[in-house]
Amino acid sequence: MEELKNSNETSSSGLSGEYSRLGEEVPFIGPIPPDLKDVPENVARTCLKQREVMYSPVNKNIISYNLYARAEENRDPDKFPPKDEEGKTDKSALKCAIDAEDFWDPERKVLQDYGIKCQFENTVALSESMRNAERKFGIPATIYMLSGISAAGKTTACKNVGFPGMLYKIKPNGDKGNPIGTLATDNSKDYLWMAGGNCNQIHPESSMMMRKVDALWAEYVSQKGGDCSEVRDKTFSDIKDVRDVVQNAQETSRRIYDLDIDVPFIVSAVGVMMRQKGSHEPHPAFDYLKDNYVSMKETRHEKLTKMYPESGVEVSYSLKCYDYTSNPKERQKEVAYYKKDEDGNLVLEIIDEKLYNQAVIDNDDSRVKCKEEADFVGSQCVTREFIDNYCKAYINPEDKGTIKGIKEGLEAYIDDDNPKTITEILNDNAKA
């Protein structure tokens, strides 16, 4: 793990010659604007092409909003999405339907295919950049995992750690933006949301696109003999998702680096509430967020005590927890990591026993306490007093911009005559 901690971030500006295939079908459009000047040229071309497609009046037919399917019966909200016997969305039937080639309107499929192509090419660009940097440090091909519940700060942690060769969008002011080329469902939503649609459509639609990107990527990794690195950004709250990564690492002879972020439930809940209503970011209902919170801690215990040590895969692991008893300026603290013993076996080194026990569920008592914590948070009414107390307890007092943003964002939920609980707000946003 030290090899990652001590590695320097590789500049993307010196890597432009490495991307001969990226964007090869994209005509160059004028000079590269300032916000893309530090991005490899072919990545910049792809970004410019995205903007052209999204904003050009000529392409209105491509970016026009189309409902789910071509078949009229599938436009009927009483018949679609498919329901199970309890009246809930049948996820298996939905997946089968939307994965079918003839399901979508032709115009919508053009947009999907374009988004899939761009995502895959960005993933290839990121992989090549990372491998170039990793080879300099003697690091083998790696599957980087960003683990943690909704709004835990996974993307921010990724930027702070600085994975070797990581590519980032550049903001107009020159600051580092979000990573480019990560395997994340939300990346698909960027293409779809600008074209129009609602959350009920875009969430499953982006998942369908991600499955196709994954299939293309798996084929590419196979062709490269596994000599590819990648960054997977998702909650990993389901042990099946972790098992899939472990199996893939075994089959492709790659190692795993798991950057795992644990935050109190209230931090996740406030982060989700802060998301703009109607945006493409997921707005999970309270029970979904609560179940993920509990499941994340159970999954963490199984992967650390059983799955990783028994996998035979080289694993680097870092658990960063939100220490809300410490100085507000230093809230993220590494509390556990793997090291090897004399026989080469993985051994979990726990730095802070108390924070580790908060982050991991290993018995019924800790599961009950975890659920009680979430339920207590859900019962809190969003008032000015609540907002002030939250900012004092969880935000660096010197971070005036974040405090201002939280206060402005949460004050929109204040209703002095009929105060709403966090549970009610989360559930209302999930339906919006």
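What share of the contacts in the protein with a separation of 6 or more comes from residues 24 or more positions apart? In this predicted model, the answer is 71%. The close-ups below pick out a few places to look.

**Figure 1. The whole chain, before zooming in.** The protein has 16 helices and eight strands. Of its 432 residues, 49% are buried. Contacts between residues 24 or more positions apart make up 71% of those with a separation of 6 or more.

**Figure 2. Helix 11 against helix 13.** Here helix 11, residues 286–311, packs on helix 13, residues 364–378. The angle is about 150° and the axes sit 10 Å apart. Since angles over 145 degrees count that way, the two helices are therefore roughly antiparallel to each other. The crossing of helix 11 with helix 13 is right-handed. On the helix 11 side, look for Phe286, Lys290, Tyr293, Val294, Lys297 and Glu298. They meet Arg367, Cys370, Lys371, Glu373, Ala374, Asp375 and Gly378 from helix 13. Sorted by class, this contact between helix 11 and helix 13 holds seven charged residues, five nonpolar ones and one polar one.

**Figure 3. Lysine 303, a buried lysine.** Stay on helix 11 for this one, as that is where lysine 303 lies. Its relative accessibility is 0%, so lysine 303 counts as buried. Setting aside residues up to four places away in sequence, lysine 303 touches Asp258 and Asp260, along with Tyr308, Tyr317 and Tyr338. Ser147, Ile239, Val242 and Pro309 are also among the residues that lysine 303 touches.

**Figure 4. Methionine 273 and the largest nonpolar core.** What do you get in the largest nonpolar core, and which members touch the most others? The core has 52 residues, and Phe163 and Met273 touch the most other members. Helix 10, residues 265–273, gives the most to this core, with seven residues. Zoom in on methionine 273 and, leaving out neighbours within four places in sequence, you'll find Val382, Leu410, Tyr413, Ile422, Ile425, Leu426 and Asn429 in contact with methionine 273. Another core, of 25 residues, lies apart from this one, and its members include Val242, Val315, Tyr317 and Cys321.

**Figure 5. Helix 14 against helix 15.** Helix 14 covers residues 384–394 and helix 15 covers residues 400–411. They pack at an angle of about 155°, with axes 10 Å apart. Helix 14 and helix 15 are therefore roughly antiparallel to each other, and their crossing is right-handed. Helix 14 brings Ile387, Asp388, Tyr390 and Cys391 to the contact, while helix 15 brings Ile403, Ile406, Lys407, Leu410 and Glu411. The class tally for the contact of helix 14 with helix 15 is six nonpolar, three charged and no polar residues.

**Figure 6. Leucine 183, a buried loop residue.** Where does leucine 183 sit? It is found in the loop between strand 3 (176–179) and helix 7 (185–195). With a relative accessibility of 5%, leucine 183 counts as buried because the cut-off is under 20%. Beyond its neighbours within four places in sequence, leucine 183 is in contact with Thr123, Met210, Val213, Asp214, Trp217, Glu230, Val231, Arg232 and Asp233.

Technical notes:
Residues numbered from 1 in each chain as written. Predicted model: local features only at pLDDT ≥ 70, side-chain atom pairs only at ≥ 80, totals over all residues. Heavy atoms only, no water. Axes fitted to C-alpha atoms, helices over the stretch in contact; angles between N-to-C directions. Helix = DSSP H or I, 4+ residues; strand = E, 2+ residues; numbered from the N terminus. Parallel < 35°, antiparallel > 145°, perpendicular 65-115°, else oblique. Left-handed = near helix turned anticlockwise from the far one by under 90°. Contact = heavy atoms within 4.5 Å. Nonpolar A, V, L, I, M, F, W, Y, C, P; charged D, E, K, R; others polar. Buried < 20%, exposed > 50% of the residue type's maximum accessible area, 1.4 Å probe, protein only. Core = buried A, V, L, I, M, F, W, Y, C linked by side-chain atoms within 4.5 Å.
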